[in-house]
Amino acid sequence: MSKIKKSVLAAMLLAVFIVFNRFVSIKTEILIISFTFIPMMMSAIWLGPVYSTVVALLGDFIGAILFPFGPYFPGFTVSNALSGLIYGLFLYNKGNEMSNKKLVVMLIISSVLQLVVVNIFITSLWIHMLYGKAYLAIMAGRTVTQLVMIPIHVVSIYMLEKFSRPYMKKYLYEEK
């Protein structure tokens, strides 16, 4: 696959990330419910860990600069980049088609790892640092939400990947 195709796809996913992050999300002081995981995970599946990390990092940074929601805090950008890296390391299969069973297992592992390590532990730390709220109380409140999000991540990305697989095979891997 050419670098131009990868760059174009990454740019499109970056734009979707920014729109989902800033316009199609519910935000409170300690909780954000958004669909940014979709472009992040799809870039991980199609493009790999480097591109998914860059999409997540730039998506958060550009979104925060252009459409701020409170003060910019670089810790959240680091959390997004780490999320993109986790997804990329587990979901990228170097252009080969992943079996359904392997895809589901990798989706579960990457979602649990990302939601627990990044969203519960690290993001709770950033919220604690920013707002001075009790760290354990923030973690407890975020844990329930993150546990609910695991099946949502797995099912939605599995269905999107299965639907888009024939189109992406044609676009990404066929040379014209």
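**Notebook: the pocket and what surrounds it**

Entry 1: I started with the residues that line the largest pocket, and they divide into 21 nonpolar, 14 polar and five charged. For my sorting, Ala, Val, Leu, Ile, Met, Phe, Trp, Tyr, Cys and Pro are nonpolar, Asp, Glu, Lys and Arg are charged, and the others, Gly among them, are polar.

A note on the source: this is a predicted model, in which local features need pLDDT of at least 70 and side-chain atom pairs count only at pLDDT 80 or more, while totals for chains, interfaces and linings use all residues. Residues are numbered from 1 along each chain as its sequence is written, and side-chain values use heavy atoms, with hydrogens and water left out.

**Entry 2: the pocket itself.** I looked up the volume of the largest pocket, which is about 800 Å³. Of the 40 residues lining this pocket, Asn21, Ile32, Phe76, Asn80 and Thr123 are the closest to its centre. My working terms: on a 1 Å grid over the protein atoms alone, a cavity is a set of points where a 1.4 Å probe fits but cannot get out, whereas a pocket is an open set with protein on both sides within 12 Å along at least five of seven lines; lining residues have an atom within 4 Å of a point. Grid points are joined across faces, edges and corners, and the volume is the space filled by probe spheres set on the points.

Which elements supply at least two residues each to the lining? I found helix H1 (3–22), strand S2 (32–34), helix H2 (37–47), helix H3 (49–66), helix H4 (74–91), helix H5 (100–131) and helix H6 (135–173). H5 gives the most, with eight residues. Helices (H or I, at least four residues) and strands (E, at least two) are DSSP runs numbered from the N terminus.

**Entry 3: the overall build.** I have six helices and two strands in the protein, in the order α-β-β-α-α-α-α-α along the sequence. The C-alpha atoms fill a box of roughly 55 × 35 × 25 Å along the principal axes. The radius of gyration is 16 Å, which agrees with the value near 16 Å for a compact globule of 176 residues; the radius is taken over C-alpha atoms, and the globule rule is 2.2 Å times the number of residues to the power 0.38. I also checked contacts (heavy atoms within 4.5 Å): of those with a separation of 6 or more, 74% are between residues 24 or more positions apart.

**Entry 4: burial and H2.** Buried residues make up 43% of the 176 residues. Buried means under 20% relative accessible area, exposed over 50%, and partly exposed in between (1.4 Å probe, protein chains only). H2 is mostly covered, since eleven of its eleven residues are buried; among them are Pro39, Trp46 and Leu47. Just after H2, I noted that Gly48 takes a positive phi of about 105 degrees.

**Entry 5: aromatic pairs.** How many aromatic pairs does the structure hold? I have seven. Rings of Phe, Tyr and Trp (its six-membered ring) pair if their centres lie within 6.5 Å; planes under 30 degrees apart count as stacked, over 60 as edge-to-face and the rest as tilted.

Phe23 and Phe67 are edge-to-face, 4.8 Å centre to centre with 70 degrees between the planes. Phe23 sits in the loop between H1 and strand S1 (25–27) and Phe67 in the loop between H3 and H4, so this pair ties together parts that are 44 residues apart in sequence. Phe23 counts as exposed at 51% relative accessibility, and Phe67 as partly exposed at 33%.

Phe35 and Phe37 are tilted, because their ring centres are 6.4 Å apart and their planes at 45 degrees. Phe35 is partly exposed at 40%, but Phe37 is buried at 5%.

- The C-alpha atoms of Lys27 and Phe69 are 8.5 Å apart, though the two are 42 residues apart in sequence.
- Tyr171 and Leu9 are 162 residues apart along the chain, with 9.9 Å between their C-alpha atoms.
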